[in-house]
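My notes follow in the order I made them.

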Amino acid sequence: MSTTLVRLAGHDGLPLLVVGPSLGTSVEALWSATAEHLGDAFHVVGWDLPGHGRDRWVPSAGGLSMADLAAGVLTAVDALAGPDAAFHVAGDSVGGAVSLQLALDAPGRVRSAVLLCTGAVIGTPASWAERAAAVRASGTPSLVSSSAQRWFGPGFVEREPARSSALLHALSQADDAGYAAVCGALARFDVRTRLGEVAAPVLAVAGAHDVATPPASLREVAEGVRSGRLVVLDDVAHLAPVEAPERVAALVREHAAGAERGAMTVAQVRDVGMAVRREVLGDAHVDRATAAATDLTREFQQFITEYAWGGVWTRPGLDRRMRSVGVLTALIARGHHEELAMHVRAARRNGLTVEEIKEVILQAAIYCGVPDANTAFRIAQQVLADPTPS
């Protein structure tokens with residue numbers, strides 16, 4: 001089979017990230033918003049399924065397998081970067097299944113894998129046969145209404161009408177035979193007994209509202225591979241890269257950085273650290289800190305960017321929400337009030353709710369002391385009442 005790669009962001013010379021789409025979507029409609037946040041760190045390329053997006057090739061009636069799809073992607077990567085080039089993969093739904101198949105079939109090539117809204121098996125052979133028959137009878141436009149309900153989390157269509165419309169339009173334009181062929185590949189896909197063979201570090205990302213591949217499906221993957229962890233995204237259903245592009249980009253960046261850590265130069269670690277520092281603390285704060293650096297403090301600023309932000313905040317073992325919980329607790333315990341105010345803001349940027357911040361301070365009241373928690377509540381109240389970004 002023939003697969004064409006589509007450039008989404010970045011350029012040659014950056015680490016290669018290969019992303020894959022969900023059934024019925026195009027890779028550009030699904031991944032462009034996330035790729036915008038990754039172009040400084042990766043050469044992001046994507047591929048389309050047969051009969052979808054820019055790939056108008058449709059397989060013959062002989063059947064299509066997940067291994068066929070993975071082989072097509074690998075051949076395209078070879079043509080782009082060379083037959084020995086290593087790369088990172090990320091994919092949603094069937095794109096995640098192909099990414100998992102690549103990790104199995106090309107273990108020396110795949111450096112890391114982010115598998116979103118997918119599973120080691122998806123659906124049942126009967127359900128995919130039924131879907132394929134419906135498409136052959138009525139065409140992909142007949143799926144638009146049901147997909148609109150299944151694909152997106154609560155309120156997404158109203159918040160992002162252009163993005164949701166682009167995805168549903170891609171579905172209506174997908175070739176019926178190509179769509180049905182991918183249904184056949186999904187019907188035959190089941191690598192649950194092979195998860196232990198996956199050597200690349202895996203980040204499994206689930207949508208809390210995903211009914212097609214619920215969090216339990218991703219948990220099975222994270223617990224079955226040699227090195228895996230699970231992240232569940234609130235307010236997300238089945239198409240995480242378009243529903244939560246900034247969050248997905250941050251997860252991809254962190255996960256790939258962990259895999260690349262041993263091969264990174266000091267300058268690269270510092271660059272990754274600066275990117276994470278800006279995402280967590282905000283551009284305004286980092287710009288002020290950088291502009292205020294003097295001959296006395298400049299090396300210290302480089303030190304914390306490299307070691308704290310590039311060395312610790314990018315590690316794959318904890319997500320940013322959990323790191324914020326740890327940082328808030330430590331700052332309360334040590335009485336670092338200026339830093340506490342900064343990291344209350346950072347915790348909100350990292351996804352902690354006001355209710356969760358309250359619980360962290362209450363927990364600290366027990367283990368750090370009531371006076372420390374009293375001061376922490378006062379600082380948090382001031383910070384959370386001020387809508388001005390810092």
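**Entry 1: Ser93.** I began with Ser93, which is buried at a relative accessible area of 8%. For my own bookkeeping, buried means under 20% relative accessible area, exposed means over 50%, and partly exposed is in between, with a 1.4 Å probe and protein chains only. Ser93 is in the loop between strand E4 (87-92) and helix H3 (94-105). Helices here are DSSP runs of H or I with at least four residues, strands are runs of E with at least two, and both are numbered from the N terminus. I looked up Ser93 for its phi, which is positive, near 60°, in a residue other than glycine. Most residues other than glycine have a negative phi.

Before going further, I noted that this is a predicted model, where local features need pLDDT of at least 70 and side-chain atom pairs count only at pLDDT 80 or more, while totals for chains, interfaces and linings use all residues. Residues are numbered from 1 along each chain as its sequence is written, and side-chain values use heavy atoms, with hydrogens and water left out.

**Entry 2: Cys117.** Cys117 is in the loop between strand E5 (110-116) and helix H4 (125-138). Is Cys117 buried or exposed? It counts as buried, because its relative accessibility is 0%.

**Entry 3: helix H12.** Next I went to Ala275, which is in helix H12. Ala275 is buried, with a relative accessible area of 13%. Leaving aside neighbours within four places in sequence, I get contacts from Ala275 to Asp40 and Arg253; contact means heavy atoms within 4.5 Å. I also checked Ala275 against Leu251: they are 24 residues apart in sequence and 13 Å apart in space, C-alpha to C-alpha.

Then I checked the length of H12. At 1.5 Å a residue, its 16 residues should span 22 Å, and the end C-alpha atoms are 22 Å apart, so the two agree. The expected span is 1.5 Å times one less than the number of residues. The buried residues of H12 include Val269, Val272, Val276, Val280 and Leu281, and also Arg277. What covers the buried residues of H12 includes H11, H13, H14, H15 and H16. After H12 comes Gly282, with a positive phi near 95°.

**Entry 4: pockets.** I ran through the open spaces. On a 1 Å grid over the protein atoms alone, a pocket is an open set of points with protein on both sides within 12 Å along at least five of seven lines, a cavity is a set of points where a 1.4 Å probe fits but cannot get out, and lining residues have an atom within 4 Å of a point. Grid points are joined across faces, edges and corners, and a volume is the space filled by probe spheres set on the points.

The largest pocket has a volume of about 920 Å³. Of its 25 lining residues, the closest to the centre are Glu246, Arg247, Arg349, Asn350 and Gly351. Which helix gives the most to this lining? H11 does, with 6 residues. By class I have 8 nonpolar, 3 polar and 14 charged residues in the lining of the largest pocket.

The second largest pocket has a volume of about 550 Å³. Among its 24 lining residues, Leu281, His285, Glu339, Met342 and His343 are closest to the centre. H12 supplies at least two residues of this lining, as do H13 (283-291), H14 (298-312), H15 and H16 (337-349).

**Entry 5: cavity.** The search of the whole structure gives 1 cavity of 30 Å³ or more. I list Thr4, Val6, Asp48, Arg54 and Asp55 as the lining of the largest cavity.

**Entry 6: cores.** A nonpolar core is a set of buried Ala, Val, Leu, Ile, Met, Phe, Trp, Tyr and Cys residues joined through side-chain atoms within 4.5 Å. The largest one has 84 residues, and Leu23, Trp31, Val44, Met66 and Leu233 have the most contacts inside it. Apart from that core lies another of 18 residues, among them Ile332, Leu352, Ile361 and Ala380. Looking beyond four places in sequence, I see Leu233 in contact with residues including Val205, Ala240, Val248 and Leu251.

How values were computed: Nonpolar A, V, L, I, M, F, W, Y, C, P; charged D, E, K, R; others polar.
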